[in-house]
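Hi everyone, thanks for coming.

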Amino acid sequence: MSAEREPDAVEIRGLLNLLGPGQVLHRELDLQVRRDEVMSLVGGSGSGKTQLVRVILGLKTPAAGSVRVFGVSWDHPSAKRVRDTRRRLGMLFQNGALYSALSVFDNVAFPLRERGGMLEDEIRGIVYAKLAQVELEPAHGRLLPASLSGGMVKRVSLARALALSPDLLILDEPTAGLDPDRSERFVALIKRLRHAHRFAVLMVSHDLDTIIELSDRVAVLADQHIIACGTLEEVRAHEHHFVANFFGGERGRRAMAQG
Ligand SMILES: Nc1ncnc2c1ncn2[C@@H]1O[C@H](COP(=O)(O)OP(=O)(O)OP(=O)(O)O)[C@@H](O)[C@H]1O
Ligand SMILES: [Mg+2]
């Protein structure tokens with residue numbers, strides 16, 4: 001074991017990300033997610049939050065800049081290191097992105113089977129353990145995604161994201177479309193899981209209550225880069241119309257007063 005400090009979960013420096021030729025989405029973007037924190041990423045619709053997540057997952061190759069996940073760059077020459085690093089990430093996509101033809105059980109088993117080297121018995125044990133973690137019954141495993149409620153889709157997606165026991169969990173709008181009660185339960189679930197398993201979280205969200213409840217720090221994406229990053233109080237003090245609208249509107253003031 002090395003005594004050296006372990007690298008951050010995510011470290012992005014000077015990112016340039018294009019949508020098409022000459023069409024800049026991110027420019028001079030820096031972002032750091034520490035290994036022990038919940039970082040929320042906020043920004044207007046279409047500002048490029050989901051696309052930034054795709055870069056972090058290695059699904060999109062940026063035009064320039066450095067992107068490191070647990071110290072490993074996606075253009076690292078060792079394919080094995082990249083593969084091993086990818087397995088440390090759990091992803092809950094914005095729309096749930098469950099495989100509609102696969103049962104709940106097979107959705108959660110998918111990353112385990114894809115990784116290979118496990119017996120079906122072991123896989124079954126893990127799948128049921130993950131379903132239990134997100135408060136679903138074994139019998140739910142037989143259902144198809146089309147028959148699930150919105151809250152259940154989120155929980156099954158979360159179980160799938162947790163299947164490989166990630167060190168960084170990325171959540172893209174985890175509470176969007178959930179009623180306040182379900183959102184609160186989702187937040188409590190993430191808190192409980194983090195308490196037990198100590199993973200880092202990068203959460204994209206528009207939901208101020210959820211952000212206040214979960215975040216250690218908040219990063220604001222606007223004007224193609226991270227314009228502010230820090231604690232809620234620090235970020236709120238930043239002068240930018242997005243920040244003023246997001247945190248200073250009626251909804252924002254109410255949430256901050258409760259938080
Ligand atoms: N595959 C794609 N090809 C070209 N442009 C795309 C593609 N996917 C997204 N975009 C564009 O990239 C921009 C950023 O999209 P992105 O999905 O990252 O926004 P977002 O911040 O996640 O928004 P929301 O809050 O609505 O989810 C948008 O202008 C979108 O139209
Ligand atoms: Mg998005």
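This is a predicted model: local features need pLDDT of at least 70, side-chain atom pairs count only at pLDDT 80 or more; totals for chains, interfaces and linings use all residues.

Now, who is its partner? Asp84 makes a salt bridge with Lys80, and their closest N and O atoms are 2.6 Å apart. Both residues sit in helix 2, four residues apart, which is about one turn of the helix. Arg87 joins in too: salt bridges with shared partners tie Lys80, Asp84 and Arg87 into one network.

The structure has twelve salt bridges, so let me show you another one. Arg88 meets Asp167 at 2.7 Å, N to O. This pair connects distant parts of the chain, 79 residues apart: Arg88 is in the loop between helix 2 and strand 6, and Asp167 is in the loop between helix 5 and strand 7. Arg88, at 26%, is partly exposed, and Asp167 is too, at 32%.

Next, the magnesium ion. Its protein donors are Thr50, through OG1, and Gln94, through OE1, at 2.0 to 2.4 Å. Thr50 belongs to helix 1, while Gln94 lies in the loop between strand 6 and helix 3, 44 residues apart.

Finally, let's look inside. The largest nonpolar core has 50 residues, and Val127, Leu158 and Phe247 are among those touching the most other members. Helix 5 gives this core its largest share, seven residues. Apart from it there is another core of 30 residues, including Ala9 and Leu168.

Conventions. Residues are numbered from 1 along each chain as its sequence is written. Chains are lettered from A and ligands numbered from 1 in the order in which they are written. Side-chain values use heavy atoms; hydrogens and water are left out. A nonpolar core is a set of buried Ala, Val, Leu, Ile, Met, Phe, Trp, Tyr and Cys residues joined through side-chain atoms within 4.5 Å. Buried means under 20% relative accessible area, exposed over 50%, partly exposed in between (1.4 Å probe, protein chains only). Helices (H or I, at least four residues) and strands (E, at least two) are DSSP runs, numbered from the N terminus. Donors are N, O and S atoms within 2.8 Å of the metal (3.2 Å for Na, K and Ca); water is not among the atoms, so sites may look incomplete. A salt bridge is a side-chain nitrogen of Lys or Arg within 4 Å of a carboxyl oxygen of Asp or Glu.
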